[in-house]
Structure formats: C-alpha cells, structure tokens
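Hi,

Here is the structure we spoke about. Please open it next to this email; my notes follow below.

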Amino acid sequence: MSDLKELRDKFAIVGVGNTPYGNFPETDEYGLGAAAFRNALEDCGLKKSEIDGLLVCRIPYYARMGEVIGVHPRWTLTMPPHGRMSGISLIETMMALQCGAVRYAALIYANIGRSRRVTYGGEDASSFWDPWGFTSPGASHALMFRSHMEQFGTTTRQLAEVSVAFRKHALLNPDAVMKKPMTIEDHETARMIVEPLRLLDYCLINDGAVCIILTTAERARDLRKRPVLISGAGAKDDYHDASTRNFAQDFWYGPVQAVAKEAYGMAGVGPADIDALMCYDNFSPTVLFSLEGLGFCKRGEAGSFVEGGTLAVGGKLPTNTDGGHLSNSYMQGWGLNVEAVRQLRGECGARQVPDCKIVQFVQATPCTRSIIYTLG
Amino acid sequence: MPASTYTKPLPNNDPYSKPFWAHAKQGRLVVQRCDVCGDLHFPPGPVCPACLASNQSFQPVSGRGTLVSWVHFHHAYWDGFKGELPYTVCLVKLAEGPIMISNLLDEQPEKLHAGASVSVIFDAVSEDLTLPRFRID
C-alpha cells in the first residue's frame with residue numbers, strides 16, 4: 001500500500017457526534033443512530049441533503065436507517081457488528097472519497113447490547129471449541145495474556161495500570177459510564193472471570209451511538225470547525241487462528257508492526273511524535289500488545305512500560321483519554337476515533353492533552369488497522 | 001453417562017469435523033491432512049488452506065505436544081459448567097504442528113508452565129461423546 005502515501009492529508013473528519021451512553025430500553029439502534037447523526041451534522045454544519053454516502057455498523061437494516069433519517073445516498077455499506085470494523089470503515093470510506101464515489105459520507109454506529117442483554121459467549125457464540133468449555137472473546141485474551149506472562153514475565157499488577165489509567169480518564173469525561181475511582185488494588189481483588197483476567201480487564205456493555213462525517217480536505221475548509229486530517233493509515237489482516245475468535249499466537253505482533261510501518265511511513269512520523277494514542281481495548285491485554293507492535297516499547301516490555309501511570313493524561317503516552325471501552329463506552333473503536341478528533345480540536349476539557357497535534361488510533365485484532373490524525 | 005443426561009455443549013454440526021469426533025470415540029486423535037500437498041491443519045475445513053485442494057484425509061497424530069497457555073474459567077457461560085467452576089482450558093501445540101484447545105486433567109500447579117510436555121487422554125464424557133483432553137507428563 002505504498003501508494004497510500006499520496007492520500008496523506010487529503011481527507012478529513014469534519015463532524016462527530018454521539019449519544020449519551022448507558023441503558024436505553026426505550027429506544028433502539030435507529031433512535032440512537034439518528035441522534036448521533038443529528039449531533040454530527042450540527043458539529044460540521046452540513047445539511048443532510050448533502051450526505052451522499054451512508055455506512056452503517058451494528059445497525060440491523062441500512063435502508064431503514066436511511067428511511068429514519070431521510071437520507072437517500074448514492075453509496076451505502078453495511079459492516080458487521082465487530083469492533084475491528086471501525087478502522088476498516090474509516091479507511092474504506094477514504095478510498096471511496098478518493099475515487100469520487102462519495103462527496104460527504106456519514107458513518108453511523110449504534111449498539112443496543114446493554115438493554116437487550118447481549119452476551120458474548122456460550123450459546124450466543126457457538127464455535128468448534130464449545131465441548132471443552134472454551135468460549136467468549138475475553139477467554140481468548142486471557143489465553144494470550146497468560147502466554148505473555150509466561151514468555152516475558154508480565155504481571156497482572158502491570159496489566160492493572162491499563163484499567164486504572166482509563167478509569168482516571170472516565171472520571172474526567174462527563175459522557176463516560178463508569179464514575180467510580182479505581183486503584184491497582186481494586187483491579188487485583190476484582191472478581192475472576194477467566195483467570196488470569198478479572199472483571200476490570202473486561203470492557204463495558206452499554207447502549208449508545210456514534211456518527212462520524214468525512215469528506216475531502218478541500219471541501220472540509222468550508223465547514224464549521226477545523227478539519228481533522230487522515231495523515232496516515234495502515235492495514236493488515238491475519239486469519240490464521242480465526243476459529244479461535246479474537247486470538248493470535250503472536251499477540252498480533254507481526255500485523256501491528258506491519259501496520260505501524262505503513263501508517264508512520266505515510267504520515268512521516270514515528271512513535272515519539274504521538275501526543276495521544278487511542279487504542280482498541282475490548283480487554284486490557286490488547287493495549288499491551290498494541291504498544292509493543294507499534295514500537296512504543298520493545299517486544300515483551302509493555303508491562304514495565306505502562307508502570308507508574310504512563311498511559312494517563314499527564315503521563316508519557318496519554319491513551320484512551322475518554323476512558324476507552326473499559327470505562328467510557330463500548331462503541332467498538334468508533335468512540336475512540338471521535339475522541340481523537342476532539343483531542344486535536346482541543347475540546348476535551350479536564351482530560352485535554354496539552355498541545356495535542358498528532359493522535360494515533362490502533363486496533364490490534366484479526367483485522368489490524370491504524371490511523372494517524374492531525375489538525376488541518 | 002447416558003447421552004440424554006449430558007448437559008454440557010455438544011460438538012456443533014460442522015460437516016467437516018464429524019470424522020474427528022468419530023475417531024476420538026475410538027481413541028484416536030486426528031488432524032486434517034491434505035492429500036495433495038501434505039499440509040496438516042486443524043480444526044477441519046472444506047479445502048486445504050495451503051493449496052485449496054478438496055481432497056483431504058484425517059491423519060492420526062502422536063497425541064503428544066507442548067502446553068502453550070491455559071486459563072481457569074470462573075464464570076459459567078453454559079449452565080452445564082456451573083457445578084465445575086473453576087475449570088481449566090488449555091492451548092496445546094501438537095508435536096505435528098497444529099494447535100488445539102482442550103482441557104487439562106490432573107492439574108498440578110508445580111508443573112504448570114508454558115512449554116510443559118503434554119499427552120492426550122480420551123475422556124468418554126457420555127455414551128456418544130469422547131473428548132480428547134491432555135495431561136502434563
């Protein structure tokens with residue numbers, strides 16, 4: 001994808017919107033999606049008649065979404081309800097803008113999992129390994145983290161640093177679901193789920209929606225706020241162990257390295273230039289795996305790297321400044337991209353990273369993606 | 001145990017893995033082998049992931065391997081496991097190459113470390129179902 005370099009700074013996020021996060025049995029994906037869309041339009045000042053691209057994720061029927069919001073585009077895509085689709089959607093929309101298929105694209109993600117009591121294991125997620133009692137994406141991360149502990153000596157106290165830093169951010173974010181302070185001791189004494197992982201290593205399940213509007217950097221100049229440019233992007237899929245969901249024997253180290261090389265190469269920056277990191281965190285170990293693959297520390301050293309509040313605002317690498325999936329909201333990567341935009345615009349209030357100029361998003365998953373954002 | 005009273009999850013109805021379960025019932029651990037290029041893979045699938053050939057067989061393996069990782073389930077995602085918490089799930093790299101998720105039997109904490117040698121045991125959990133499980137040597 002070396003020719004991706006030609007796309008550097010050519011496309012922009014111009015509008016972002018979200019709903020409150022929580023438990024909303026009175027509505028559904030369409031109600032939440034419409035509210036997020038309305039907020040994103042207001043954020044950028046576009047009229048909805050100007051939206052000619054619609055991408056929906058975790059929303060049952062794209063056409064009903066279009067009917068509900070009165071948008072009848074020339075380009076529509078539906079993405080499956082997997083977190084890894086956030087990065088994929090943003091990058092594929094950039095491609096659609098590049099070839100002129102779309103002028104203004106609205107990407108809408110909605111999740112009603114909390115009030116509908118969605119579970120992520122057992123009978124709701126049948127797999128080949130069921131007879132041995134192996135299920136749930138968290139169990140895959142537990143297997144990987146145990147392997148990381150054995151190979152590199154990483155400890156659960158080090159892992160706790162991830163959850164503790166993100167909870168600290170949630171306390172500074174008025175939208176965040178989790179409002180109770182957390183210490184390393186709280187993490188270490190929380191209920192075991194799939195050992196070595198405890199409750200506080202698992203993401204939230206909550207209702208909510210996010211909308212992101214993209215266009216070209218050129219068109220973005222006419223809109224309400226300063227555009228946030230896509231300066232770098234990288235992609236690599238690895239399906240070797242896909243029958244074990246959310247699992248990779250190498251913690252996605254190879255794919256994350258490949259994606260880092262592409263994204264940093266396209267943007268012309270490196271890890272030392274990143275002011276804030278937005279890191280997919282369905283389970284806390286993923287953050288450690290991402291840091292190693294991206295090159296923020298050496299392989300196997302993420303445990304010591306995060307010690308002492310490295311990931312908190314005010315630390316060496318502020319990460320998931322909205323509280324992430326662990327403590328803000330389970331918007332499956334979409335919310336983290338919105339936070340990247342707000343940090344660059346300086347809209348983050350108490351959790352604002354000072355002088356924030358370059359923000360990176362990464363998802364270490366079977367479909368690894370990274371996007372580097374800068375202010376236009 | 002009569003099959004009708006077995007309350008834990010059963011193998012899914014994946015057509016490619018039926019022979020695996022039939023072999024297990026007879027005390028043989030098998031993986032899928034491509035008749036064309038010899039690639040060994042698991043779990044079974046419709047074609048060889050290396051060369052895409054359809055012609056594949058099931059090849060018995062030694063039943064020996066190394067322990068890669070393990071976890072203890074403290075949460076029962078199925079009611080059938082409620083009485084057995086915590087239970088252990090392991091990831092084994094078979095001597096022949098493929099990896100397999102299974103259970104560890106007769107767990108001894110002092111022997112529990114990555115790289116430990118393990119051997120298969122055939123555990124007839126019901127009249128119809130035999131689970132290949134592993135024990136640290």
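Which element gives the largest share of the lining of the second largest cavity? It is H4(A), with 3 residues. Keep in mind that this is a predicted model.

Cavities first. The structure holds 2 of 30 Å³ or more.

The largest cavity holds about 40 Å³ of space. Its lining residues are A:Tyr21, A:Asp322, A:Gly324, A:His325, A:Asn328, A:Ser329, A:Met331, A:Gly335 and A:Leu336. Two or more of them come from each of helix H11 (324–328) and helix H12 (334–345) of chain A. H11(A) gives the most, 3 residues. Here the count is 3 nonpolar, 5 polar and 1 charged.

Now a helix pair. The axes of H1 (residues 29–44) and H2 (residues 62–69), both of chain A, come within 10 Å and cross at roughly 55°. H1(A) is therefore oblique to H2(A). Their crossing is right-handed. On the H1(A) side, the contact uses A:Tyr30, A:Gly33, A:Ala34 and A:Phe37. H2(A) brings A:Arg64, A:Met65, A:Val68 and A:Ile69. By class, the contact residues of H1(A) with H2(A) are 6 nonpolar, 1 polar and 1 charged.

Best wishes

Methods. Residues numbered from 1 in each chain as written. Chains lettered and ligands numbered in written order. Predicted model: local features only at pLDDT ≥ 70, side-chain atom pairs only at ≥ 80, totals over all residues. Heavy atoms only, no water. Axes fitted to C-alpha atoms, helices over the stretch in contact; angles between N-to-C directions. Helix = DSSP H or I, 4+ residues; strand = E, 2+ residues; numbered from the N terminus. Parallel < 35°, antiparallel > 145°, perpendicular 65-115°, else oblique. Left-handed = near helix turned anticlockwise from the far one by under 90°. Contact = heavy atoms within 4.5 Å. Nonpolar A, V, L, I, M, F, W, Y, C, P; charged D, E, K, R; others polar. 1 Å grid on protein atoms, 1.4 Å probe; cavity = no way out; pocket = protein on both sides within 12 Å on 5 of 7 lines; lining within 4 Å. Points joined across faces, edges and corners; volume = space filled by probe spheres on them.
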